[in-house]
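I set out to look up helix packing and aromatic rings in one model. My entries follow the structure.

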Amino acid sequence: MSNIFNSFVLEQDTVRNSILKSARDLFAKYGYRKTTMEDIALTLRKGKSSLYYYFRNKEEIFQAVIELEAELLETRLRDVVNSNYKPRQKFHDYVVIRMETLRELENYQKAMRDETYGDYYFFEEVRENSEKAEQEMLKTIMEEGVTSGEFDIKNLKLAAIGISTALRGLEMPLFRGVENFDDFRLQLDNILNILFYGILKRS
């Protein structure tokens, strides 16, 4: 599993973050329901009491993992939005980094698409916040593109909603359809060509 999550939490490396890193790996490998507090404690080589000092139960640990993965995704995307690249390059990088990061955030992926998690109230809040943040970031990139003359977009808000919705719809087909990184990047390039140029044949 990638180290992007580990490096993200190392800035404040604590017992709590060690719990989250171990729990994250177990949740991704075995699923939330099959993972127990004892499993997490055994992986850490600690007693379960160490876990309960920081978290009341397994659900609270899972919530913290999902929120941290969501924060990681947004942080990486905001770095793209705030970069000095031209809008078209930003848009390209946004889509590529978004998909590459999501491939590594298995728990966040599952939580955002699996309706069986609907009884956990915090998922809906995370989902709504993530969608709102994404639309705002996409709108910022497109505004820059319109101002610079690179993009021709009549309704920025609707365009941001449409692209955000399209990207979410492409996640699972894209992740299922590729087996290696090169194929993954090729598929992303094809998607970006459609987003930039549409499907009309040009003479």
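The entries below cover a helix pair and then the ring pairs.

I note that this is a predicted model, in which local features need pLDDT of at least 70, side-chain atom pairs count only at pLDDT 80 or more, and totals for chains, interfaces and linings use all residues. Residues are numbered from 1 along each chain as its sequence is written, and side-chain values use heavy atoms, with hydrogens and water left out.

Entry 1, helices. I looked up H2 (residues 15-30) and H5 (residues 58-81), whose axes come within 9 Å and cross at roughly 90°. H2 is therefore roughly perpendicular to H5 (65 to 115 degrees). The contact (heavy atoms within 4.5 Å) includes Phe27 of H2 and Lys58 and Phe62 of H5. By class, I find 9 nonpolar, no polar and 4 charged residues in this contact (Asp, Glu, Lys and Arg count as charged; Ala, Val, Leu, Ile, Met, Phe, Trp, Tyr, Cys and Pro as nonpolar; the others, Gly among them, as polar).

My search of the whole structure finds 7 aromatic pairs (ring centres within 6.5 Å; planes under 30 degrees apart are stacked, over 60 edge-to-face, the rest tilted). Phe27 and Tyr32 form a tilted pair, 5.7 Å centre to centre with 50° between the planes. Phe27 counts as buried because its relative accessibility is 1% (buried means under 20% relative accessible area, exposed over 50%, partly exposed in between, with a 1.4 Å probe and protein chains only). Tyr32, at 5%, is likewise buried. Ring pairs link Phe27, Tyr32, Phe62, Phe122 and Phe123 into a cluster.

Technical notes
Axes are lines fitted to C-alpha atoms, for helices over the stretch in contact, and angles run from 0 to 180 degrees between N-to-C directions. Helices (H or I, at least four residues) and strands (E, at least two) are DSSP runs, numbered from the N terminus. Angles under 35 degrees count as roughly parallel, over 145 as roughly antiparallel, 65 to 115 as roughly perpendicular and the rest as oblique. Rings of Phe, Tyr and Trp (its six-membered ring) pair if their centres lie within 6.5 Å; planes under 30 degrees apart count as stacked, over 60 as edge-to-face and the rest as tilted.
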